[in-house]
Every structure is written in structure tokens, then in C-alpha cells.
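Subject: Structure for you to look at

Hello,

Please find the structure below, with the notes I made while going through it.

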Amino acid sequence: MTKLRGYIGTYTKGDSKGIYTFTLDTEKKELSTPTLAAELENPTYVTVTADSQTLYAVVKEGEFGGVSSYRITKENGELTPLNTEVSPGSSPCHVSVNQNNEKVLTAYYHRGTAELYNTDEGKVAPVSAFVQHTGSGPNVERQEKSHVHFSGFTPDEKYAVVVDLGIDKIVTYSIEDSSLEIKHSLSVKPGSGPRHIAFHPNGKFAYVMTELSNEVIVLSYNSEDAKFTELQYISAIPADFTENSQGSAIHLSSDGRFVYVGNRGHNSIALFSVNNETGELAFIEHTSTEGNWPRDFVLDPTEKFLVASNEQSGNLVLYTRDEETGKLTLEQSDVAVPYPVCVKFLQD
């Protein structure tokens with residue numbers, strides 16, 4: 001197969017109408033022009049099930065926020081609505097699903113909550129459990145209260161891991177009988193503003209991208225007690241860069257050799273090599289995102305390509321990826337899509 005299908009979550013302002021779909025032609029090294037796949041308000045983050053049959057999107061409906069689910073038609077990218085579950089208040093900023101598509105987790109930045117949903121053949125049931133974080137951090141403008149920015153599953157899926165930018169904490173919860181019970185809480189460097197986390201394939205290490213300090217935090221992870229321990233902090237931007245920059249996404253190659261992170265403001269993707277013995281990182285290089293405010297990026301299923309989304313300049317960028325060195329080479333940067341936030345590929 002030379003064409004791989006992807007989806008883009010957006011902010012529905014300007015010309016944006018919802019979720020867009022596109023294809024990557026791996027032979028031509030080219031992205032197609034994105035087309036609207038589903039019309040809904042502020043589906044800023046989407047996720048796709050492992051079997052590529054269902055897509056979940058965060059959604060805003062007036063004064064309510066929650067999750068919408070869609071059945072995927074792989075051939076043309078069409079999304080057929082299944083159902084929506086919302087509750088009073090702001091919409092989530094992140095959504096994730098477990099491997100067998102039985103549970104969905106959301107992160108609510110403005111509410112300071114993480115919420116757990118059960119699913120049935122792709123449909124989302126009402127919230128079965130939620131946790132409310134409280135507190136604040138030293139950055140008075142951005143950390144005046146809890147701001148949960150990520151909620152996902154540990155590699156063995158026994159626990160939920162919640163990353164809170166507002167209170168500088170990474171918290172694990174056991175998932176039992178559709179409930180969330182706290183297991184461990186790690187406080188990271190005050191004012192760093194942790195945003196997203198990604199696990200190493202060996203399950204022993206995890207990597208956190210901070211938004212406010214623009215760093216990667218390297219953690220060891222003990223799957224027995226769901227405990228994280230800090231190992232390293234490493235900057236994702238040059239020491240002499242003094243303009244505003246905020247960390248965004250973080251992803252690992254499936255062989256565990258490379259970590260990629262996004263820098264909004266510096267407008268780059270930073271590449272790090274991984275020491276597989278210690279988990280620690282070594283900086284390799286920055287690659288320009290050829291646009292403004294790279295909100296997210298994704299490795300395609302072959303991992304020979306990387307696609308980045310620049311929110312403020314409204315463009316997708318395609319790179320080829322050297323699997324030996326991890327380095328990126330620009331192929332295409334003129335693919336227009338309004339206010340893109342996240343990008344996801346179908347896995348088969």
C-alpha cells in the first residue's frame with residue numbers, strides 16, 4: 001500500500017469546520033489536499049483505535065464539552081457519527097483509547113480533571129469515573145490552578161497517567177471496576193509545566209515534554225507500583241534563544257532509539273538519541289517546521305515519514321526520516337489546513 005490515511009484535529013475558527021482527512025503517498029512522498037471528514041466544534045485532539053475502525057475526538061457543544069465517536073471508512077476517509085457524550089463546562093484538550101477499544105480517557109485543561117469512559121462497539125458511555133486536581137504553581141499566569149493536559153494509559157494499561165501543567169505533577173491512577181484510584185504522584189521542577197508524556201517501548205522509561213520550560217524530563221518507570229523517578233532534564237531549545245517558546249508534542253520511534261519534540265515559538269522539532277541502558281537523552285539537531293506554532297506531529301506507520309502541523313500558519317509539513325540517524329529531510333510544506341492541532345494515521 002502506497003497511500004496511508006491520516007486525520008487532523010483543528011480549532012474551528014476562521015475557515016475550519018472540524019476534522020479533516022488526507023493521504024500520504026509513500027512513493028511520491030506527497031500529502032494530498034485535506035478534505036473535511038466530520039463537521040463539529042473544536043475537535044482539537046483526536047485518537048484512532050488500534051484496529052483503525054473507530055476515531056474519538058474531543059468536542060465542544062455550546063457550554064458543554066466531551067467526546068464524540070465515529071466509525072471510520074478506510075477507503076475514502078469518511079467518518080460516520082456513532083454518538084457523543086458531553087457534560088457542562090469546557091471541552092477536553094486530549095483524548096486516548098486503550099488497545100482493545102474498551103476505555104477512553106480525557107484530559108480537561110480548564111476543568112483540571114481527567115475522566116474515564118467505557119465504550120461499547122465504539123460508542124461512548126457516560127463518564128464512569130473522574131478525578132479532580134487542585135493546587136497551583138509558581139507561574140502566576142499559567143499555573144493559577146490545575147490544568148490537566150494529558151490523560152492516557154501506561155504500557156500495560158493497568159494504570160492511567162495524568163499530566164498536570166498547572167501544578168507540575170504526573171499522577172498515576174489504578175483502573176479497577178471503572179474507577180480511578182491514586183497510586184503515585186510525582187512533583188517535577190516547579191514552573192516547568194509538564195504537558196505530554198510518552199513511554200519507551202521497553203516500558204522502563206518515560207519522557208515528558210514541558211510547555212513552560214521547554215524541556216524534556218526523562219523518568220524511570222516501575223510498572224509494579226506505577227512510580228516515576230526523575231533521571232534527567234534536557235532543554236529542547238538553544239540556550240541562546242530568548243524569544244517566547246512553548247513545548248508541544250513528544251513522540252518516540254518504535255525502536256526506542258529516538259525522541260522527537262515540538263517547540264512552538266522556536267518553530268522546530270528537536271531530535272534526541274536515547275541511551276537504551278540509562279534512558280537518558282543526547283541532543284542531535286533541530287529541524288525547522290517551515291511555519292508558525294507546531295502544535296503536534298506524528299510518525300507514519302512505516303516510520304519513514306513524519307508529518308507536522310503548524311497551528312498559526314495553517315500548514316502541514318512532510319519530512320522523510322532516516323531510520324538509522326533519526327534525522328528529518330523536508331519534502332513538502334505547502335499543504336494548507338486551517339488551525340491544525342493534532343495529526344493521527346490509521347495503523348493498517
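I start with the second largest pocket: its lining has eight nonpolar, eight polar and eight charged residues. Here Ala, Val, Leu, Ile, Met, Phe, Trp, Tyr, Cys and Pro count as nonpolar, Asp, Glu, Lys and Arg as charged, and the others, Gly among them, as polar.

Before going on, note that this is a predicted model: local features need pLDDT of at least 70, side-chain atom pairs count only at pLDDT 80 or more, and totals for chains, interfaces and linings use all residues. Residues are numbered from 1 along each chain as its sequence is written, and side-chain values use heavy atoms, with hydrogens and water left out.

**Pockets**

Rolling a probe the size of a water molecule over the atoms shows where empty space is left. On a 1 Å grid over the protein atoms alone, a pocket is an open set of points where a 1.4 Å probe fits, with protein on both sides within 12 Å along at least five of seven lines; a lining residue has an atom within 4 Å of a point. Grid points are joined across faces, edges and corners, and the volume is the space filled by probe spheres set on the points.

The second largest pocket holds about 430 Å³ of space. Of its 24 lining residues, Tyr-11, Cys-93, Tyr-109, His-110 and Arg-295 lie nearest the centre. E17 and E25 are the elements that give two or more residues to this lining. Strands (E, at least two residues) are DSSP runs, numbered from the N terminus.

The largest pocket has a volume of about 1,300 Å³. Its lining consists of 37 residues, and Thr-47, Gln-99, Ala-198, His-251 and Lys-344 are the ones nearest its centre. By class, the lining has 19 nonpolar, 14 polar and four charged residues. Among the strands that each supply at least two residues to it are E5 (46-48), E17 (194-199) and E21 (246-252).

**Two sheets**

Two strands pair if DSSP finds at least two bridges between them. E5 and E6 (residues 54-61) are joined antiparallel over three bridges, and Val-46 has Ala-57 in E6 as its bridge partner.

Another open sheet of four strands runs E21-E22-E23-E24, also with antiparallel pairing. Its edge strands, E21 and E24 (281-288), each pair on one side only. E23 (residues 268-274) and E24 are linked by seven bridges, with Ile-269 opposite Thr-287.

**Strand E18**

E17 and E18 pair antiparallel over five bridges, and Ile-197 stands opposite Val-208. The two strands form a hairpin with five residues between them, where Gly-203 in the turn has a positive phi of about 75°. E18 also pairs antiparallel with E19 (residues 215-222), again over five bridges. That hairpin has four residues between the strands, and Asn-214 takes a positive phi near 55°.

Regards
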